[in-house]
Amino acid sequence: MADIVSCPSGLTGRIRGMRVREERVLADRKLAKNGGQVDELLSACWEELLEPGPYTFTDGKVDWGQVLQGDRFYALLQVRVFTYGPEYAFAVPCQAAACRARIDWELDLTQLPVRTLADESRAAFMAGNRFETTLPDAGTRVRFKLLTGEDERRLPQLQRAAPEKLLSSVLAYRVQDVDGVDARDKRRFLEDLSLRDADFLVDEFDRVDCGVDTTLEVECSECFMRQEVELPFDRGFFLPGQARTTRRRERSTSSPA
């Protein structure tokens, strides 16, 4: 049975939970390597387009490569909720160096904060996905874009190509042009930015975007330290039964004889 969901941008449709046949998508190593798992899973579980939001699709079919990153993740959350329910249990290590205990945590996925796409951002996205801001230290105006599904598939390749320049790679990919800077010199300009300007730019990306806030605060039951973690998003997110089996095996093998 499918339910109607409305994504942060206004994209609306009927979506269902996963069926047994979708397991092949999660197990497909080729799709995992080229980043196609999300597209395949969303295409399989999205049954009907009701409102395209800011997108232009042909034949009434959603092209997930055009869809904003925030919408894609929100839709994936709904697939997970419709499949297993809203409760999600996971484990993370305590960040305190003197503790490092295992923190078991559970949350309701439907309670995660959602940022909708503002009218101003919607208009800018529909006009060519082009946003502007001025860097506080450099005093320079730059134009950038929001990430879509196609970008999601390209970014990991760029990051693997230059892991020691992760921030500059992301900035160079998202910044389209800079006032007074030749396109050939854009990368050099971005690498010379102050960290204050870089932080400001990343905050601007988030400010005009839409999506789900996946930063969580958890508390260690051993040392009681409260800490921020990112919502774990791995194979266990969509196959929690296998994840629980793995955790049981880990606990049994680590138990004293």
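## Aromatic contacts in a predicted model

Phenylalanine 125 counts as buried, with a relative accessibility of 11%. The structure discussed here is a predicted model.

A pair of aromatic rings is described by the distance of the centres and the angle of the planes. The count for this model comes to 11 aromatic pairs. One of them joins tyrosine 55 and phenylalanine 57, whose rings are stacked, 5.5 Å centre to centre with 25° between the planes. The rings of tyrosine 55 and phenylalanine 125 have their planes at 80° and their centres 5.7 Å apart, so this pair is edge-to-face. Because tyrosine 55 lies in the loop between β3 (46-51) and α4 (69-84), and phenylalanine 125 in helix α5 (residues 119-126), the pair ties together parts that are 70 residues apart in sequence.

The relative accessibility of residues named in this report is as follows.

| Residue | Relative accessibility | Class |
|---|---|---|
| Tyrosine 55 | 6% | buried |
| Phenylalanine 57 | 14% | buried |
| Phenylalanine 125 | 11% | buried |
| Alanine 91 | 29% | partly exposed |

Ring pairs also link Phe73, Tyr88, Phe90, Phe233, Phe237 and Phe238 into a cluster. Phenylalanine 237 has a charged neighbour as well: the charged end of arginine 80 sits over its ring, 5.5 Å from the centre. Elsewhere, arginine 174 lies over the face of phenylalanine 205, 4.0 Å from the ring centre.

Alanine 91 belongs to strand β4 (residues 87-93). Its C-alpha atom is separated by 30 Å from that of leucine 158, a residue 67 residues apart from alanine 91 along the chain.

Note on methods: Residues are numbered from 1 along each chain as its sequence is written. This is a predicted model: local features need pLDDT of at least 70, side-chain atom pairs count only at pLDDT 80 or more; totals for chains, interfaces and linings use all residues. Side-chain values use heavy atoms; hydrogens and water are left out. Helices (H or I, at least four residues) and strands (E, at least two) are DSSP runs, numbered from the N terminus. Buried means under 20% relative accessible area, exposed over 50%, partly exposed in between (1.4 Å probe, protein chains only). Rings of Phe, Tyr and Trp (its six-membered ring) pair if their centres lie within 6.5 Å; planes under 30 degrees apart count as stacked, over 60 as edge-to-face and the rest as tilted. A charge sits over a ring if NZ of Lys or CZ of Arg is within 6 Å of the ring centre and within 35 degrees of the ring normal.
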